[in-house]
Amino acid sequence: MAKLTKEQARVRRHARVRAKVAGTPERPRLAVYRSNAEIYVQLIDDVQGHTLAAADSRTVVDGDKTAKAKAVGALIAERAKAAGVESVVFDRGGYIYHGRVKAVADGAREGGLSF
């Protein structure tokens with residue numbers, strides 16, 4: 001069998017995570033996507049198939065990538081509260097819970113989301 005690329009391996013890991021994690025209207029899924037330069041997060045209700053709120057690092061101005069990720073976590077927490085969401089399930093998207101992914105989670109927790 002041929003070796004998987006990094007992206008193929010991440011997609012495979014994400015499929016394993018998604019088999020266990022699903023968002024509901026009461027407790028949507030906080031999905032993270034990380035590119036080399038930016039980080040994107042969405043609150044997703046998988047029952048309806050709707051995105052309730054979204055945020056990304058393109059709107060955050062200053063800091064390094066980890067600081068921007070933490071700010072994105074705080075921003076999604078603020079938008080979640082505006083949408084009436086207090087609790088979420090975290091979907092790390094097949095990425096290791098470390099660095100920018102962890103910074104998003106920490107920022108969202110500090111912003112008042114519970115997971």
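Let me start with the largest pocket: its lining is made up of six charged residues, four polar ones and three nonpolar ones. One caution before I go on: this is a predicted model. The pocket itself holds about 300 Å³ of space. Thirteen residues line it, and K6, R10, R13, R34 and Y95 are the closest to its centre.

Which elements build that lining? Two of them, α1 (6-20) and β1 (29-34), each supply at least two residues to the lining of the largest pocket. α1 gives the most, with four residues.

Now the second largest pocket. About 150 Å³ of space lies in this one. It is lined by 13 residues, and those nearest its centre are A31, V32, Y33, Y40 and Q42. By class, this lining has seven nonpolar residues, three polar and three charged. Which element has the largest share of it? β1 does, with four residues. At least two residues each come from α1, β1, β2 (39-45) and β3 (50-56).

That brings us to the sheet. The sheet is open and has four strands. Read across, the order is β3-β2-β1-β4, and the pairing is mixed. Which strands sit at the edges? β3 and β4 (89-91) do, and each pairs on one side only. On average, neighbouring strands of this sheet are turned by 20° against each other, direction ignored.

A quick reminder on pairing. Strands in a sheet are held together through backbone hydrogen bonds, and they can run parallel or antiparallel. Let us walk across, pair by pair.

Start at β3. β2 and β3 run antiparallel, joined by six bridges. I44 has T51 of β3 as its bridge partner. Q42 also has a partner in β3, namely A54. β2 and β3 form a hairpin with four residues between the strands. In that hairpin, watch G49: its phi is positive, near 80°.

Next pair. β1 and β2 are antiparallel too, over six bridges. L30 stands opposite L43 in β2. Here as well we have a hairpin, with four residues between β1 and β2.

Last pair. In which sense do β1 and β4 pair, parallel or antiparallel? Parallel, over three bridges. A31 stands opposite D91 in β4.

Which residues of α3 are buried? They are R100, V101, A103, V104, A105, G107 and A108. Their cover includes β1, β2, α2 and β4. A general point on spacing: an α-helix has 3.6 residues a turn, so residues three or four places apart point the same way. After α3 comes G112, with a positive phi near 110°.

A77 lies in helix α2 (residues 65-82). Why do we call A77 buried? Because its relative accessible area is 0%, and buried means under 20%. What does A77 touch? Leaving aside neighbours within four places in sequence, A77 is in contact with A108, G111, G112 and L113. A108 is one of the buried residues of α3. For distance, take A77 and S87: they are ten residues apart in sequence, and 9.7 Å apart in space from C-alpha to C-alpha.

The other residue is L113, in the segment after α3. L113 counts as buried because its relative accessible area is 3%. Not counting residues up to four places away in sequence, L113 touches A77, A80, V85, E86, V88 and A108. How far is L113 from E78? They are 35 residues apart along the chain, yet their C-alpha atoms are separated by 8.7 Å.

To recap. The largest pocket has six charged residues in its lining. The sheet runs β3-β2-β1-β4.

Technical notes:
Residues are numbered from 1 along each chain as its sequence is written. This is a predicted model: local features need pLDDT of at least 70, side-chain atom pairs count only at pLDDT 80 or more; totals for chains, interfaces and linings use all residues. Side-chain values use heavy atoms; hydrogens and water are left out. On a 1 Å grid over the protein atoms alone, a cavity is a set of points where a 1.4 Å probe fits but cannot get out, and a pocket is an open set with protein on both sides within 12 Å along at least five of seven lines; lining residues have an atom within 4 Å of a point. Grid points are joined across faces, edges and corners, and a volume is the space filled by probe spheres set on the points. Ala, Val, Leu, Ile, Met, Phe, Trp, Tyr, Cys and Pro count as nonpolar, Asp, Glu, Lys and Arg as charged, and the others, Gly among them, as polar. Two strands pair if DSSP finds at least two bridges between them. Axes are lines fitted to C-alpha atoms, for helices over the stretch in contact, and angles run from 0 to 180 degrees between N-to-C directions. Buried means under 20% relative accessible area, exposed over 50%, partly exposed in between (1.4 Å probe, protein chains only). Contact means heavy atoms within 4.5 Å.
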